[in-house]
Amino acid sequence: MNKKVIIVGAGIGGLSTALRLLSNGYDVEIYEKNKTIGGRVNLIENKNFRFDLSASILMMPDPYKEIFSYVNKNYRDYLEFIQIDPIYRLFSADGTTNDFNNNIPCLTKTLEGISKEDSLGYFKLLSDVYEKYLISNKYFLQRSEESFKDLFNLDTLLKALKIHTLSTSYDYISKYIKDENLRNFLAFQTMYVGISPFNGPNIYTLIPVVSQLYGLWHLKGGMYSFVNALSKLILEFGGTIKTEVAVEEIIFLKGKAIGVKTSQGIKKADIVVCNVDFPYAIKNLVKDEYYKDKYTDKKLSEMKYSCSTFIIYLGLRKKYPQLSVHNIYLGKNFKENIEAAFKGTLPKSPSLYIYCPSRIDRSMVKNEGDCLNIMIRVPNLLFKEVTWDKDNINLLTDIILSEVKSIKGLEDIEENIEYINCFTPLEMESKFNAYAGTAFGLSPNLMQTNYFRPHFKSNKANNLFFVGSSMHPGPGISLVLNSSKLVTEEILKQIRK
Ligand SMILES: Cc1cc2nc3c(=O)[nH]c(=O)nc-3n(C[C@H](O)[C@H](O)[C@H](O)COP(=O)(O)OP(=O)(O)OC[C@H]3O[C@@H](n4cnc5c(N)ncnc54)[C@H](O)[C@@H]3O)c2cc1C
């Protein structure tokens, strides 16, 4: 009989691990607490509009395609990738606008429009960070880092020194770029893993550089199309997905996980894979101190966590061609306002990420207008200074909309709102059990990456595994897909032993 695997949580990590294990002959059952699957990659649907709940930037399409080839399927039968051009439109509070294209002549024109010196600096930055990317992709992102010797061998240490990640992203960028808007544009993107560019390691300059070199993509129908494709494949391979069934506890006996306690009773398994945000899962689903291993409540409270996000969803009656698909708006006093999210306050002049998928994908809207997600970084719930009550939400919404209205051509946006909704850190916490309502889980700072991130396999129960954003290699859909590949290899290795 095939080994039975229970997967707790139907986020990208849970779904992709389920699919890989099914294709290796395991009998897989997924339990998801919510009505819909996908976890943080989810959907808000309204009469006229379809919004991606959170993730919208598709970098590095290869990991998305790899899961299809892993199960011998052609991704083209399930997904339509559309290349985005320009990759970003940049607006600044000082009124300047610039497009950043992958096309080198277009890019050079934009950069030379800023200054010849910065154009040169930008290309040098691309070249230097590209080298780091090649090293980290080969030596860190695709490797499991489960054992001490994976990290601490001479070869890996030399490579780690080569990608010398000690200065902050902002300082590193500043060595190459003089123009403040261009610096801030690059620094803003390094924040996509929930770390401050003024504090976090410069390895995250990989984010703007990889986007610039490899491009950005959109999935027809939005990011949720990927969740639908995974779910379709899981069912085709004979897997089971049970929604609205919350797992209350992982049950152990004599050094093994023997199943889970759910709202529908106890379910037994040979292997348990937990996709619930690691710190939440260890704190709440692993009740026996022994099986928590070193992750006691005290240890969890001492660990560092990524920031959260506040998102406004706007369904508009009118099109705004001034916006591209991905837009960044740099507010005044960039540093002070960006750091607010990491110091426990709300920004007074926020910088914004504005996503307008309807610019290139009319399947996201049913009217003649546009749909927008407007996102800012905010403190996670470990900071108690900010309360997410109605008054504060309304105030923050007004501040954000007044910044949006300062963009040329968007002055009348408020009059054309047909639908408005928002998503706060409180919902991130209650809906997905995201520890402290963070957007990206455990902070991927230097002391919490690679070997130092929680390991896929429990040290105390060798048939309990973890997958997702808070694990190695880190947050973001592509990395979580890598994490599912690595955890599957770990499970298969165990069988071969
Ligand atoms: C606002 C925001 C913007 C982002 N933007 C991008 C982007 O542009 N590009 C990108 O690549 N990435 C982006 N990300 C990151 C990306 O979305 C995440 O890294 C990824 O989706 C996390 O997947 P996961 O499987 O680790 O976890 P999750 O999505 O958190 O999945 C965990 C699942 O477990 C379920 N669960 C929890 N507790 C239980 C329980 N007790 N029983 C049963 N089920 C349970 C949850 O409901 C959830 O479905 C963004 C994230 C956020 C929040």
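**Domain organisation and local geometry of the predicted model**

P86 lies in the loop between β6 and β7. The model is predicted. The peptide bond that joins D85 to P86 is cis, with omega about 0 degrees. A cis bond also joins H472 and P473, where omega is about 5 degrees. P473 sits in the loop between β20 (464-466) and α17 (477-496). In general, most peptide bonds are trans.

The chain splits into three parts. Domain 1 comprises 4-81 + 222-303 + 445-496, domain 2 covers 85-214, and domain 3 covers 305-432. In contact across the boundary of domains 2 and 3 are 22 residues of domain 2 and 23 residues of domain 3. About 2000 Å² is buried between these two domains. Carbon and sulfur atoms give 71% of that area. On the domain 2 side, F91, F188 and F198 supply 35% of the area buried against domain 3. No other three residues of domain 2 give more. The count of salt bridges between the two domains is zero. Polar contacts do occur: eight residue pairs are counted between domain 2 and domain 3, both residues at pLDDT 80 or more.

Two elements give two or more residues to the side of domain 2 that touches domain 3. They are β7 (88-92) and α8 (180-190). Of the elements on this side, α8 gives the most, with six residues. The helix is mostly covered, and 10 of its 11 residues are buried. The buried residues run from N181 through L182, R183, N184, F185, L186, A187, F188 and Q189 to T190. At the start of α8, a side-chain oxygen of D179 comes to within 3.2 Å of the backbone nitrogen of N181.

Helix α14 (residues 334-343) has α8 among its cover. The buried residues of α14 are covered by elements including α8, β16 and β18 (371-378). In α14, F334, N337, I338, E339, A340 and A341 are buried. An α-helix has 3.6 residues a turn, so residues three or four places apart point the same way. That rule applies to F334, N337, I338 and A341, which are among the buried residues of α14. G344 follows the helix and has a positive phi, near 95 degrees.

Strand β16 (residues 326-330) contains H326. H326 counts as buried because its relative accessibility is 0%. The side chains of H326 and Y353 are joined by a polar contact of 2.8 Å. Neighbours within four places in sequence aside, H326 is in contact with S56, I57, I84, I87, Y88, R89, L216, Y353, I354 and Y355. L216 from that list belongs to strand β9 (residues 216-219).

All four residues of β9 are buried. L216 and H218 point one way from the strand, whereas W217 and L219 point the other way. β9 pairs with two strands. Strand β5 (residues 58-59) runs antiparallel to β9 and is joined to it by two bridges.

Most residues other than glycine have a negative phi. M60 has a positive phi, near 50 degrees, and is not glycine. M60 is in the loop between β5 and α2 (61-70). M60 counts as buried because its relative accessibility, 19%, is under the 20% cut-off. N433 is likewise a non-glycine residue with a positive phi, about 55 degrees. The loop that holds N433 runs between α16 (425-432) and β20. N433 also counts as buried, because its relative accessibility is 17%.

Notes. Residues numbered from 1 in each chain as written. Predicted model: local features only at pLDDT ≥ 70, side-chain atom pairs only at ≥ 80, totals over all residues. Heavy atoms only, no water. Buried < 20%, exposed > 50% of the residue type's maximum accessible area, 1.4 Å probe, protein only. Pairing = 2+ DSSP bridges. Domains from an automatic or database assignment. Contact = heavy atoms within 4.5 Å. Buried area = accessible area lost by both parts, 1.4 Å probe. Salt bridge = Lys/Arg side-chain N within 4 Å of Asp/Glu carboxyl O. Polar contact = N/O pair within 3.5 Å; in protein donor to acceptor, adjacent residues only side chain to side chain.
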